[in-house]
Amino acid sequence: MSRTLSAPVTVAFDYTRSTGPVLGRFLTGLREKRVVGVRTSEGRVVVPPPEFDPVTHQQVDDFVEVADTGTVTSWTWVPEPVKGQPLARPFAFALVTLDGADAPMVHALDVSSPDQVRTGMRVRIRWAEERVGAITDIACFEPAEDAAAGTATQLGDLGDNPVTGVITPVELDYLYAASPEESSFYRAIAEGRIIGQRCPTCGKVYVPPRSACPADGTPTTDEVELSHTGTVTTFCIVNVPFLGQRITPPYVSAYVLLDGADIAFLHLILDIPAEEVRMGMRVKAVWKPREEWGTTIENISHFSPTGEPDADYDTYKHHL
Amino acid sequence: MRDVAVVGFAQRQMEEFDGSPTCVELLVPLFAECYEQTGWTRRDIGFWCSGSSDYLAGRSFSFVQAVDAIGVIPPVNESHVEMDAAWALYEAWLKIQTGEVDTALVYGFGKSSAGVLRRTLSLQLDPYTMTPLWPDTVSLAGLQARAGIDAGLWDERAMAEVANRSLTDAEKNEYAIRKGGSSVEELLARPMYADPLRKHDCAPVTDGAAAIVLAAGDRAREVCDRPAWITGISHYVDPISMGTRDLTRSPSAARAAAAAGTEGVEVAELHAPFSHQELVLKRELGLADDVVVNPSGGALAGNPMFTGGLIRFGEAAKKVWQGDASRVLGHATSGPALQQNIVCTMEGRN
């Protein structure tokens, strides 16, 4: 048995960004199969265009259009592409100086082996069939040994539908491990037990257990089995619907201080109207049917009132 | 300027850390080592500063969770950088310069193996023109290596020489996760990976953590027989675009070295996650041929994200503590293809 429990986790977010006038022109151009660069104060044509001049730091305004053909100035083989790269099969990343430009840009080059790439080789943009105004409108470069040299020309009209924003989906995959202490907690939960750990320095009991006592930094070593009953220390009534919500509002999320623990943990309070939940209310864990248990806190469906008299404020005032 | 020295250092490096990416469990024994080296408790530390990233941890506010390893009752004076902890050390050094505190503990941590490191690092690039292509770290380093080869500045043999020396030196480093030199010929006979890079040209994906203790003046002398006094520390940054800078150079490294002052350096620990980058750095830092480079084995022997640089500082400081050297240099890098660089020089005094 591994020391820790782990599970795959994917963190994903679509980043939405405004482009501004410079990158907006560049991305609008790509959508129209045109490559927009800028002439800097030193007279160099740079693609993609920098927003500010690298020497004078003034906003750039001398836009030019360069060719969709160019020359490889450096390259590297990508034997094991990662998710999201322009090609899913092995390919080359290359620095390509487009005809009419003086600085190279990074993009993929579609060749089937490193033998087919060399510095100085001629390449051409392969445009994506569907273009939206993003760097990925360039699907990749492809060899074009016979391509004639192109030049830079002053940028003409790009139409009246400029790109003003980009959406970049980002997705990262992890194998997320629980700490050894959290792993013990989840393994116990899978057996219907709730365990915490006691700090040997200050004597506080943490549930779920942590690798070190946050008060004094001492590793928590002594395992403590905890009661399934406790006291509501504080709570909130959830009235706002949100994506993925499983219970119809209003309902109550509360901090429950299990008897014998020094840290309250968050769970649901059900089986009672939301407006009747109160600080000091005594509650007990309601477990799902055993066949539904796993290594998850969701084995406890919710907490439910025990019907005991409310706890004295003094019993939980240090745990708020 | 106040005299500030490195007086404590602890590290862990491993291929795969079997634990939570918050790394609390790794940090507790590191802090304990630092307390043992100095005879201090956590209450003697005036300022705490960490380097880590949520992108590596796969969760938000992972550095806050790591604070558990300190113990924060009573509250502590604490900060964080989303960079290698070498930059956290810079912040701590500044904090001590302000006179507000006399001591600091700097730490970094990261579980690179939880995700696909070379892919995750694409998120540090330009979000409009680079990140959507997911140019991985190894590919960007490959473009840089090829640029130098094409320009005749180095060749595959020179890169293999760096790797062979590093892996040979790493045999004496108990923390190295890749070690064992052979010969340049043997390394060159190995297959290409990301042409022009072979696997030994690339730092291994490494999990780990490290901590360094800084102290000013008498506080340093009280706890260390031969403190590694910081004589210069400086950092600079180059443009992030791969197309508008000469990839065979690193002006930011050169400026940092000039500002820190490298004269008389005997030992340099350079944070070069790819073999050719050591060659770039040696040139930019103006290191003479007789300077001993990376006696620890360097990043090619182990490169935990967010401490690969801080460990270079610690390894260099150790040379002063042990009396092996009088003037040493630690360097750290961040960003694609040596974009950001920090240089710290230290000396022993008799």
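Reader: In β6(B), which residue is the bridge partner of B:V6?

Author: The bridge partner of B:V6 in β6(B) is B:A228. This is a predicted model, in which local features need pLDDT of at least 70, side-chain atom pairs count only at pLDDT 80 or more, and totals for chains, interfaces and linings use all residues. Residues are numbered from 1 along each chain as its sequence is written, while chains are lettered from A and ligands numbered from 1 in the order in which they are written.

Reader: How do I read strands and their pairing?

Author: Strands (E, at least two residues) and helices (H or I, at least four) are DSSP runs, numbered from the N terminus. Two strands pair if DSSP finds at least two bridges between them. Take β1 (residues 4–14) and β6 (residues 228–237) of chain B: they pair in the antiparallel sense over two bridges. β6(B) also pairs with β11 (residues 340–347) of chain B, antiparallel, over eight bridges. There, B:W229 has B:E347 as its bridge partner.

Reader: In what order do the strands of the three-strand open sheet of chain A come?

Author: The order is β13-β12-β14, again antiparallel. β13 (205–206) and β14 (222–225) of chain A are the edge strands, pairing on one side only. Four bridges join β12 (residues 195–198) of chain A to β14(A). A:G196 faces A:V224 of β14(A) across that pairing.

Reader: What does the overall form of chain A look like?

Author: Chain A has three helices and 19 strands. Its C-alpha atoms fill a box of roughly 85 × 45 × 40 Å along the principal axes. The radius of gyration, taken over C-alpha atoms, is compared with a globule rule: 2.2 Å times the number of residues to the power 0.38. A compact globule of 320 residues would come near 20 Å, but chain A has 30 Å. An automatic or database assignment sets the domain bounds. Chain A gets domain 1 (6–171), domain 2 (179–226) and domain 3 (228–320). The C-alpha centres of domains 1 and 2 of chain A lie 52 Å apart.

Reader: How many residues does each chain bring to the contact?

Author: The size of an interface is often given as accessible area lost when the parts come together. Here residues are counted instead: two are in contact if their C-beta atoms, placed from the backbone, lie within 7 Å. Chain A brings 60 residues and chain B 47. On the chain A side, β11(A) gives the most, with nine residues.

Reader: Which residues touch the most other members of the largest nonpolar core?

Author: A nonpolar core joins buried Ala, Val, Leu, Ile, Met, Phe, Trp, Tyr and Cys residues through C-beta atoms within 7 Å. Buried means 20 or more other C-beta atoms within 10 Å of a residue's own. The largest core has 174 residues; A:L109, B:L27, B:L89, B:V106 and B:L214 touch the most other members. Helix α4 (residues 85–97) of chain B gives this core the most, with nine residues. A second, separate core of 24 residues includes A:Y206 and A:V283.

Methods. A residue is buried if 20 or more other C-beta atoms lie within 10 Å of its own, exposed if 12 or fewer, and partly exposed in between; C-beta atoms are placed from the backbone.
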